[in-house]
Each structure stands twice: as structure tokens, then as C-alpha cells.
Amino acid sequence: MKKLTASDMEYIEGLYREMYTLLFSYAKRVLQKEALAEEAVQETFVTACQRLDSIKSSPNPQGWIMNTLKYITRRIQEARNLHSRYLFLDESALNIPDPTAHYKDPALLYDGLVSQEDYYLLSRTGIDGCSTLELAKELGISLAACRKRIQRARERFRAQYGREYKKKEKARLGVTKKTQSRIYD
Amino acid sequence: MQSENRDALKERFAHLDLAQLEELLRQDWLADSNNLTAEQTLAILEVIEEKKSSGLNEDREAEVAAAWQSFKHHYLPLVEADETLYGATIRKTKSTKRCFIPPRLSWAAAIIVVFILSTSVFAYQVYGYNIFENIAQWTAEIFRLKAPVEPNDNLNENLGEDLFPDASDPRLQPVYATMKELEIPTTLAPTWIPERFDGHPIVETSTTPFKGVISAFIHESETLMLSFDYLTKADTIYEKDDSLVTSLRINGVTYYFMSNNAQNRVVWSVDQFECSINGTVTYEELEQIVLSIYERR
């Protein structure tokens, strides 16, 4: 990607300062967590920087930003849902008395297949609603490194529980309405 | 940089109270951001901020400055590495409530496509006795009605008073009045909506690319939207989830019912008009709303 020039940064900063309060208030409403809301706005401007040509050529840059934020808030919520679903694929089988509680030894719950760190990363993001930046600060690592660790934890979990997860997902989505056609003529 | 359009939108939304505005935002998000455009969303947010008018400007400026510093320090490296936190590959056009596809097929070709689709892997079905009345196509994600005839631009000359009966339900009066202004027969509109939608609706008209009326009733956490448009040569596409589409046929008109996550919708077309009702209502309520269209006759 091409490096941002000083004038690019000035343009982005102008939009950022103009729109931050509104964007943050929107994200906070839908995501219910301040840290996640802030991250949604930051991610929106990361995307804006990466697609600078698109936003500059847009007749309505503010609308472009707003639509991007809406999309990103959905992505964040989907990621949270995914992480919490991974952790509680089958709470009845695992006999978890309180799904929201943290467990000192999650390996016991998941037959030794899940490391303490993976469990920690997925539960902090999925259940506690931690932003990546919050987690990075907790772990004392960079944002990019934290993002990679979460991604790897997710992939490992998916690989280990993939089959069971797919089965559960199918059952979850399988509840569909039956086709019906009635006539009032 | 605020558009002129935003001011007009703000003026309209300013009539709603905070709870209603918050609810509009919430419903929009639940419906995959399909209810409100970006401009409408920004207008609502601005109205909310003005109504609340809490916090000192200096505090806000400090918050924004701190967030900008955090952006530069923590997030800008992602830009340079061409990465995103949530793998956001932004779809070029996030579809709004409706999107328009230029007609590329002639009517005859469209019929052929229907038969091809019916044998393909697409979840495609057609109900109704007269396939030439309209053609409905859908997949797991979208639904569309294809207009089988050229819109009749001269229909207005044939419109008579009998197409504009008054509404007995005061809640529907603003909808009927606006439809009448645009010469859309009010006989297309229901005479009943669930009791809980007891406030006055927000009624909006559009002239391009669709000429039509859209009205929204809001009650606490629920919304109901009625939309009546003139058909154009373009198709209207509605987003849906992977639930099956069901149909109901009344007096030769086929009503298609579908869901889109938290909301249900019914779509139908009559003559040169395409109509849609959606919201946080059950299929049973939608059916009752549809049946009420015929209760005046």
C-alpha cells in the first residue's frame, strides 16, 4: 500500500476530529462497550487510510465513513459471537455450571486440547468484550501481535473442535420455517 | 462538510424523542443496517447529541485528541502493514434497504431464466397460478420481484376517487394522505396494524430513483415500515436470511413472506406498484395486516 503523505494524514485527521464523537456514540450504542466502540472507530479509520482513493473520490466521505463503521461494528460483534460460541459449544455435555465464569484450568473442560492462553484470549474477547488494544496492553504486546495471537487461538480451536462446531452450527441454523402456500381466492 | 440533505433529515428526526431515535438506530443495526442510510444515521446521531447536549466541549475535544493520539500510536502501524483487526474487506456497496439492478434481460429472456433457475441449485420457487403476473426470485440472501410489464406511466389518468378511500384508523391517516399526494391508491395499504404501534408514523416520500412512500411506526423496541412504490424498469432487491420464503395468495395477488434476522417482511406487487411491509412483527401479524387490505372492500 502506498505510504500516507502529510496531506493524506491531514485529510484523515480532519475527518477524524469532525466525526469521532458521533461515530463513537453510535458504536457504543450498538456494541455496549466503550473499549470496543473506540476500537470500531479506530478500525474504521484504519480502513479509511487503506482505501484513501475510494474515500477521497466519494461524493459523501462522511457517509462512506458511517457505512464502514456500521460494517465494522457488525464484524466485531460477529467475532465476539464466534469466540463465545467456540467456548460453549456444548455446555451441557461439558457440564459447565456457570458459562460466564472463568475457569482456572480450562484444560479440564476441553480434554486438554485447549491451552490456557487460547482459552484466555477467546474468553476475554468473546465473553468479556475486551478490545484487542485492551488485551494487548494486558499482555504487554503490540496490537498487531495481539491480533495474530487471537487469530491463531481461533484457528487452533476451530481445528480441534471443527467437526463438533459444524454439527452444532448446522443444528442451530436448521430450525427453518416450513414452506407453506395458502390460498384465499 | 455537512450536506444540505442532512439538515432536512435532522429537522424531520427532531420531532422524535430520544427513546425513539435510539430505537431507530438499534433496529437499523439489528436489521443489518438496512433501514437507515448513512445520512439518516448521521442525522439521527446529531439530533441525539443536540438533545442530550451533555458534557463540556473542552472535555470532548480532549477525548477526541486522546483517541487520535491512540490511533496514531497503536493503529497506524496496521495501516502501514496493510492489515486490519477484524479482517474488514469492505464490500464496495453495502446494500441498503433496496438496491437497483438495471434490467439486462428482455421479458422473454427473463422467463427463460426463471426456468433455468428452477432447475439449478438456487433456492428458487414461484407460487401462484398466473406466472405472468409477476416473477419472484430468491436465494438464501436476497429476494426480488421482477416486473413483467412495462410500467404504465399513464395510469394516473385512470385513477378515480374509489382508489383513495379514507382510513378509519387515525394512525394510518398520514400514510394515506401522502399516498394520495403521489397518486398511489390507498387501497394498497392495510387498514389495520398491530395496536402497539400507537404513535404517529414518520412518513417520507421519494421521487428518484423510485417514486413512492415509506412510513415507519416506532414503538419502544419495535418498528413497522410500510413502503409503496411505483414499479420501474429496475428490479427491487430485498435482503433476507436463509429461511424459506412462503407465499399467500389473495384475490389473485401473491404475497411473499420472508425474514431477515430479527425482522419479517411481506412483499407484493399490484399493477404498477410494488409494496412491502416489514418490521419486528410476526408472520401471523403480517398476514393479518395483509388481510386487512381487503376489509374495506
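Helices (H or I, at least four residues) and strands (E, at least two) are DSSP runs, numbered from the N terminus.

**Ground rules.** I am working with a predicted model, where local features need pLDDT of at least 70, side-chain atom pairs count only at pLDDT 80 or more, and totals for chains, interfaces and linings use all residues. Residues are numbered from 1 along each chain as its sequence is written, while chains are lettered from A and ligands numbered from 1 in the order in which they are written.

Most residues other than glycine have a negative phi. I went looking for exceptions and noted B:Asp82, with a positive phi near 55 degrees. I found B:Asp82 in the loop between helix 4 and strand 1 (99–101) of chain B. Is B:Asp82 buried or exposed? It counts as exposed, because it has 9 C-beta neighbours inside 10 Å. My cut-offs, with C-beta atoms placed from the backbone: 20 or more other C-beta atoms within 10 Å of a residue's own make it buried, 12 or fewer exposed, and anything in between partly exposed.

In chain A I noted A:Gln32, not a glycine either, with a positive phi of about 65 degrees. A:Gln32 sits in the loop between helix 1 (6–31) and helix 2 (34–50) of chain A. With 11 C-beta neighbours inside 10 Å, A:Gln32 also counts as exposed.

**Helix 8 of chain A.** Which residues of helix 8 (residues 132–139) are buried? I listed A:Thr132, A:Leu133, A:Leu135 and A:Ala136. Seen down the axis of helix 8 of chain A, they fall within an arc of 160 degrees (taken from the directions from the helix axis to the C-beta atoms), so they line one face of the helix. After helix 8 comes A:Gly140, with a positive phi near 70 degrees.

**Where the chains meet.** I counted 42 residues of chain B in contact with 49 residues of chain A, contact being C-beta atoms, placed from the backbone, within 7 Å. On the chain B side, the elements giving two or more residues are helix 2 (18–30), helix 3 (38–52), helix 4 (57–80) and strand 8 (246–250). Helix 4 of chain B gives the largest share, ten residues.

Strand 8 runs antiparallel to strand 9 (residues 253–260), joined by five bridges; strands pair if DSSP finds at least two bridges between them. B:Thr246 stands opposite B:Phe257 of strand 9. Two residues lie between the strands of this hairpin, where B:Asn251 takes a positive phi near 50 degrees.

Key. Two residues are in contact if their C-beta atoms, placed from the backbone, lie within 7 Å.
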